[in-house]
Amino acid sequence: MATATIAEMFQIEKLIHFLLNAPRKWVVISLSLLAIGAVAVADWLVGPEISLGGMYIFPMLFAATVLPPRAIVLLALLCASLRCTLDDSHLPVQYAIRFVFALLTYVLSGLFVLGMIRNRKMALEHVAQLTMEKRLRNEAQERLQVLVESSPAAIVTLSHRGTVIASNHAANVMFGVETGQTLEGRSIETYMPVLTEALRLGTRGGSFRTAAQAQGRRENGQMFLADLWFSTYAVLDGIQLAAIMVDCSDEMRDREQQNFRNLSTSSRLVAGAVLHEIRNICSAISVVYSNLKDRETPCRIEEIHGLGTLITGLGRVAALELYGSVAEPVEEVPLRQIFDELRIIIEPGWLDMEGCVSWEMKDPLIRVHADRFGLMQVFLNLAQNSQRAVQTKSERKLHVTACASGERALITFRDTGCGIAEPHLLFQPFQENAKVTGLGLFISRALARSFGGDLWFEPAEQGSSFVVELPLAETRIRNA
C-alpha cells in the first residue's frame, strides 16, 4: 500500500513538472481536454433531467487562446458530439438541430476569443510601432534642433503674418538681438523686408522657393547685405516661410576693395601705355625743335623758345610713366587652386559652344610668387582670347599645361584657333584690330612682370600658344 502511494505521488510530481515546464500551448490544450472530459462525466452523471451542454463553452474559450481556427472547429465538433450524445433526444431531426446549434455556439465562441486575441495583438503591435515612431521622431527633432542651433547660418521660420515662429542663435546674432532675448514673436519686416514681400507673393501665387541677395537691418539700425535661401509652404493657418540667411557684408567689402585695386592697377598700366606713347612723340618733336632752334630768326625766337618750354613740360609729364614701376603685392599661390577656380569660370562657356578644355599639371603641388587676383586676371584674359580665336573653327580646344623648370613655373595656353598673323605686335597697346581696347595682352604681361615673371608668345604649328613664366615659391612642397 505504501509502495503504491509513493508511486502515485511520483506520477503526480511528474505531471506537475510536465505542466510547469511544458510549452503554454500544450498545457492549455491538455487542461481544456480535461475540462471537456469533466463536463461530459458530470453531464452523464446528472442524467437527462439537467443539461450541462452550456458548460462546454468555458473549455472552448480557454482552448481558443492557443488554437488556430481549424482546430477550434474540430474541438467544437467534439463538444457538440458529446453534448448531443448525452442528451435524451432520439429523434433524428431534434438531434440534428441541437447538434447544429451547439456546434455553431461553440465555434462562434472560440472564434470570438480568437478575434479578441488577434485584435489585442494588433493593438499591441500598433502601440509598439507608434512608440518607436515617436522615439524616432523625437530623435530626429533633437538632431534637427542641434543642427539648427549649431548652424553658422541664420535660420528663421515665419507665420503667414510675417512674425517669427522660431529662430536659431545665429539669427539673433545677425540681427543684433540683445543677449537673453530672441526674435520669436517679432515682425521680420523690421529686419528683412524682402521676406515679408516673399510671403505676400506666396499667398498670391502658391508655394515657391528661391534665392536672393538683399539688405537687412540690425537691432541698432546698422545695414548689412545678406544672401538668402527661402521657401514658402502651406499649413492649416495659411502660408508660412522658412529662410536661411548668411551675412555677406565682409565678402562684398573685400570684393569691392579688390575690384578697386584691380581698377587702379589697370588704370596705372593704361596711363603708363599712354605716357609711353607721349614720350615717343616728345622725342620726335624734340628733334624737330632742335632743327628749328638751329635755324631760328629774330622774329621767331620767342615762339621757338615757347615751343621748347611746352616740349619740356610735356616731357616731364611723360617721365611719370608708370607701367614699369607697378609692383603688385605677392604671396605664395597654389596653382592647383587657381586652376580649379579658372575651370569653374571658363568651362561653361566652352561647353556652350561645344568646345573642350584639357588640363595637365605635371606637379599638382606647384606654388608660385604672385598676387592671386592679378594672376587670375592674366589666366582669364588668355583663356578668353583663345575662346574667341576658336569660335569659327570646327575643332575648338584649349590645352592648359603647368610644369616646373628650374626655379620657374611655366604655364602654357595652347588653342586650335586661327593663329597670329603679326606676333611682334601682340603686346603693343591700343592695337587697331583689337576686339575691345587692345590692352589685354599688354596689361597681362605687365602684371606677370610685376610678379617677377613674364608672358610671351610661342610659335606653334596650329593655333596660338602663350607661356606665362612665374617664380617658384621658396617653400614649394614636393611630392614625397
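Before I start, a word on conventions: residues are numbered from 1 along each chain as its sequence is written, and side-chain values use heavy atoms, with hydrogens and water left out. Since the model is predicted, local features need pLDDT of at least 70 and side-chain atom pairs count only at pLDDT 80 or more, whereas totals for chains, interfaces and linings use all residues.

Let me begin with the whole protein. Its secondary structure comes to 12 helices and 12 strands, where helices (H or I, at least four residues) and strands (E, at least two) are DSSP runs numbered from the N terminus. Of the 480 residues, 34% are buried, and here buried means under 20% relative accessible area, exposed means over 50%, and partly exposed is in between, with a 1.4 Å probe and protein chains only. If we take contacts (heavy atoms within 4.5 Å) between residues at least 6 apart in sequence, 61% of them join residues at least 24 apart.

Now to the interior. In soluble globular proteins, nonpolar side chains tend to be buried together.

Staying with Phe413, what does phenylalanine 413 touch, not counting residues up to four places away in sequence? Among its partners are Leu342, Phe379, Leu398 and Ser465. Serine 465, in turn, lies in strand 12, which covers residues 465-471, and serine 465 counts as buried because its relative accessibility is 0%.

Turning to helix 2, residues 24-46, we find valine 46, which is partly exposed because its relative accessible area is 35%.

Finally, confidence. The average pLDDT, the predictor's confidence in each residue from 0 to 100, is 78 for the protein, and 72% of the residues score at least 70. Over residues 321-326 the pLDDT is below 50, and this stretch has 16 contacts in the model beyond near neighbours in sequence. Residues 475-480 also stay under 50, with 13 contacts beyond four places in sequence.
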